[in-house]
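Dear colleague,

Here is the structure I promised to pass on to you. Please look it over first; my notes on what I found follow directly after it.

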Amino acid sequence: MTRRILGPFNRVEGDLEVQFESDAGVITQAWVNSSLFRGFERILVGKVPSDALVYTPRICGICSVAQSVAAAQALAQAQGLTPTLNGQLVTNLILACENLADHLTHFYLFFMPDFAREVYQSQPWFSDTAQRFKAQSGSAHGEVLKARAEWLHITGILAGKWPHSLSIQAGGSTRALEAQEKLQLLLLIRQFRAFLERVVFVDQLEAVTQLSTADELNTWQAAHSNSDFGRFLQLANRLKLNGLGRGTDRFLSYGAYGQYFPQGVWVQGQIHALDVEQITEDISHSWMQAEQRVAVPFQGETQPHWEKQGAYSWCKAPRLNGKVVETGAIARQLVAQQPLITNLVQASGGNVATRVIARLLELARVVPVMEQWCQAIQIGEPFCAHASMPDEAQGIGMVEAARGSLGHWLTLQAGKIAHYQIIAPTTWNFSPRDELGQAGALEQALVGTPVEDTGAVKVQHIVRSFDPCMVCTVH
Amino acid sequence: MNILWLQSGSCGGCSMSLLNAEVPSLYELFKLADLNLLWHPSLSEASHQEFLDLLQAVLTDEIPLDILCLEGSVICGPKGSGAFHQLAGTQQSMLHWLKLLTAKAQYVVAVGSCAAFGGITAAGENIAEATGLQYDGALLGSVLDANWRSKAGFPVINIAGCPTHPAWVTNTLVQISMNALRLEDLDEFHRPRSYTNHLVHHGCPRNEFYEYKASAGKPADLGCMMEHCGCLGTQARADCNTHLWNGSGSCLRGGYPCINCTAPAFEQIKHAFGVTPKIAGIPIGLPSDMPKAWFVALASLSKAATPERVRTNAVVEQISIPPSSKNRGRK
């Protein structure tokens, strides 16, 4: 039995340490430690409700808009306010822009560089992969950074800037568009589509989204091996990434873009309605203390307790009906019954390959609908609705960040924020054990992984396949 | 020049913003300015032991450290231990590592208001005991004391902002790498004057509304946001409206007020962001170098002279009355 500590993990957006025990070179148990605590839930207490829109985006520089939308939704619910139609469309566009930029950043900057490591030098695909994806020097990075920066010009028009905009409000958006700006946006979306069709897929987006089975995907790969998606699929097949990092196979999506991707829980091919009341957080193995070890978010506490016996992470352990779930693009696409992802997951479950495929598929699925949202904006109609803020109220905001389900639970008393709890996507995916000893999603996904090299490269693939955002995780 | 980039009590947003650099893009700029990124948490290959070996090589002077960038507040809690942020894989606090590494650097750069002054993480009760590297809010002297200087003789260079504009960071790094940064290029809070010699107010597209004190009353209104909506652009030190964000943006252009995010302790305001506190109907926090009586006199005069077009457009989302031309007919 060997015990190892791995850290720091980079290319995970924030701080992460993984400990594991292995027997005969195979992981038998793992412990995931989110090693930074900042205390945003405490910062918010006592603030004026609308200030949540200033503080919460700053939880995270990569999910900033998602945090903003969750806070705006929680406030809107507290106010009983429905955003204007234009406000909803613009919010969809800004959130989709961030989510797709994150998918791109994840694939090129965070995930693929691990396949350019020396450990793979003897692989037939190595030199092409290293030339294309090597960290910082790979040939892909120049064009990807340019495409990403120009894609985020959408936020320059709609949100002032990215990250950390204050344009998304409970009633919609602070930035009304003029007619020519709507056309400018359409051109930016088309320009990004052209980049995806030239570099990522070397195919039309609609051709990619029509793929519906593993066989069709393999045939497509053979014909598109010069695309970056094709390059990934090739090495995923060779390395059998679909047999690596299988998780709980229980998937949660809050639903995205006004339920364009629906809400639900996917278990073994069945889609169940989400019962929000069944969401709890457990602090048994967190450096936290509270009256109740397991609490619904409206009753959750954030009291750090360093040196607590048996604890090993600042992250709390969210559970749905007492069970561990996985969240992310794969969950969104399963709950949306997307044929390809459903087919792949039914064959091999949630794993390194299917998580990454789901993310790239979303790039192809969401850009076309963004074109439609943009066309649907009615110039001259209102972008922001207004209502007074009640002194006493509660509200929940539930959105899909790039990396999965994000929830804000807000309580107002005497006109101030009395209580605020946040459960972020990676809180779900990288949670520690709960009071029953159930390991979190990543902890489960790591069990059974062979560790053959000093860098434990397979552990790195599994960790990064979740696209973790550690700064959101603990907040 | 070698750059080592670390994050502590950070959201990572200044790095994400830096990736928005255009013409040249970030990687092109590094090449052009002869900057060698030893390690960055989002961009580098090295993980785990590879990275810890690199830190050791810096501490033993095997690898020269020209520029140490810190993004995020220094986390000192609980009770000064720094245990709220352990550098993963080391069982030591980041606070501990920062004390060692800052001693090795020719230049230390605090990227963002968190690393500079404490920033958002230091808001409210500041349970994390978050602070800036050399400032705690506006007070000089923090983890590094007031007289601390890096090997090149500089205090911590505070590229404040929440987040930082990519050009503020790239311009400063290029100045350092070309040996063009002088002490007098830093302002009274050790921020680069390259952007803090300007005000957010400069180039604000709402300037006509400001001139006439035609004010926005609610989010999304087109008018000036100073009188009612908490805008601090007339005091805030930055060039946001002359060097735009993400192509064509800025907070004001996005329809929301400047919250003065480059200032120390901007997060500690005593009222709501987005609401202007007033005494006897007069906003407190007028432009910093304008006599109050003058401001009040000018404001009442200009309010009286406000054209109908400006008055109307100030309180709507989209231009209701366009400007007209005086001489429509031919001579």
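In chain A, strand β9 (residues 279–282) pairs with β11(A) in the antiparallel sense over two bridges, where two strands count as paired if DSSP finds at least two bridges between them, and where helices (H or I, at least four residues) and strands (E, at least two) are DSSP runs numbered from the N terminus. Within this pair, A:Glu281 stands opposite A:Ala295 in β11(A). The sheet they belong to is open and has three strands, in the order β11-β9-β13 (chain A), with antiparallel pairing. Because β11 (294–295) and β13 (317–320) of chain A stand at the edges with a single partner strand each, one side of each is left without a neighbour in the sheet.

Before going further, please note that this is a predicted model, in which local features need pLDDT of at least 70 and side-chain atom pairs count only at pLDDT 80 or more, while totals for chains, interfaces and linings use all residues. Residues are numbered from 1 along each chain as its sequence is written, and chains are lettered from A and ligands numbered from 1 in the order in which they are written.

**Chain B as a whole**

Chain B has 10 helices and 13 strands, and its C-alpha atoms fill a box of roughly 80 × 50 × 35 Å along the principal axes. Of its 331 residues, 54% are buried, a residue being buried if 20 or more other C-beta atoms lie within 10 Å of its own, exposed if 12 or fewer, and partly exposed in between, with C-beta atoms placed from the backbone.

The chain is divided into domain 1 (2–196) and domain 2 (198–318), bounds that come from an automatic or database domain assignment. The centres of these two domains of chain B, taken over C-alpha atoms, are 32 Å apart. Their contact takes 19 residues from domain 1 of chain B and 14 residues from domain 2 of chain B, two residues being in contact if their C-beta atoms, placed from the backbone, lie within 7 Å. On the domain 1 side, α5 (113–117) and α7 of chain B each supply at least two residues.

**Helix α6 of chain B**

The 12 residues of helix α6 (residues 166–177) of chain B should span 16 Å at 1.5 Å a residue, which agrees with the 16 Å between its end C-alpha atoms; the expected span is 1.5 Å times one less than the number of residues. Among the buried residues of α6(B) are B:Trp168, B:Val169, B:Leu173 and B:Ile176, and what covers the buried residues of this helix includes α1, β3 (65–71) and β7 (105–111) of chain B. After α6(B) comes B:Asn179, whose phi is positive, near 60°.

**The core and the contact between the chains**

The largest nonpolar core has 263 residues, and those with the most contacts inside it are A:Leu93 and B:Ala110; such a core is a set of buried Ala, Val, Leu, Ile, Met, Phe, Trp, Tyr and Cys residues joined through C-beta atoms within 7 Å. Helix α4 (residues 85–111) of chain A gives the most to this core, with 15 residues. Both domain 1 (2–196) and domain 2 (198–318) of chain B give residues to this core, so it lies between them.

Finally, the contact between the chains takes 63 residues from chain B and 72 residues from chain A. On the side of chain B that touches chain A, the largest share, five residues, comes from α1(B).

With best wishes
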